[in-house]
Amino acid sequence: MLDSNFKATKQERKEFPLIPADVYHAKVLDISSKTEESYNSKMGKTEGQEFSTTLTFKFELLDNGQVGQIMWSNYIPSDLWVSPKTGKCKLFKIVEALIARDLTPNEIMTGLSGDNLNSLVDKTCRVLVEHTEKNGKVYANITNWMKLSNPLLVKAQELHSSIPVQNTQETVDVSSIPF
């Protein structure tokens, strides 16, 4: 039951500037899950109701003039699978980008626990933002997730990670560090 002091108020429609299509350095702020009736179940294609869990990753952009902008990767199936047609699923791509290595066969077979996924919060990767049009409106969506390419960022992330990050043999010119 709602508190008697609750009040629903009218809100004006908010306009948000379109984030330019580009590759951005991004940090995971939060990961949440939602269990809903599956699409096939809603369409009556199953016997009885079936439910599926999807994940939402909340990212903060960290560069290219978009510092602090928030983007979400929604409706990420919570299963790890590889399609012969489209390759690795979104969850595979996101996790591997954040840990900067491929998942091991053992990790794939045993699956990823909530603790494994929660350890990805505050990790960074590169995200590809592209524009898509739907019903005459243009939206900016994250369409791909990539490992960090800067060895210093990878090493810094490894120091704060419970999932080991791939070691790199690259060297870094210390004079190129901006601080």
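Visitor: How do the residues lining the largest pocket divide into nonpolar, polar and charged?

Guide: There are 14 nonpolar, four polar and five charged residues in that lining. Nonpolar here means Ala, Val, Leu, Ile, Met, Phe, Trp, Tyr, Cys and Pro; charged means Asp, Glu, Lys and Arg; the others, Gly among them, are polar. Bear in mind that this is a predicted model, where local features need pLDDT of at least 70, side-chain atom pairs count only at pLDDT 80 or more, and totals for chains, interfaces and linings use all residues. Residues are numbered from 1 along each chain as its sequence is written, and side-chain values use heavy atoms, with hydrogens and water left out.

Visitor: How much space lies in the largest pocket, and which residues are closest to its centre?

Guide: Rolling a water-sized probe over the atoms shows where empty space is left. A pocket is an open set of points, on a 1 Å grid over the protein atoms alone, where a 1.4 Å probe fits, with protein on both sides within 12 Å along at least five of seven lines; lining residues have an atom within 4 Å of a point. Points join across faces, edges and corners, and the volume is the space filled by probe spheres set on them. Here that comes to about 730 Å³. Of the 23 lining residues, Phe 16, Met 71, Tyr 139, Ala 140 and Asn 141 are closest to the centre.

Visitor: Why is H2 largely enclosed by the rest of the structure?

Guide: Because eight of its 10 residues are buried; among them are Leu 91, Phe 92 and Glu 96. Just after H2, Ala 100 takes a positive phi of about 60°.

Visitor: And Thr 46: buried or exposed?

Guide: Thr 46 counts as buried, at 18% relative accessibility. Its place is in the loop between helix H1 (39-42) and strand S2.

Terms used:
Helices (H or I, at least four residues) and strands (E, at least two) are DSSP runs, numbered from the N terminus. Buried means under 20% relative accessible area, exposed over 50%, partly exposed in between (1.4 Å probe, protein chains only).
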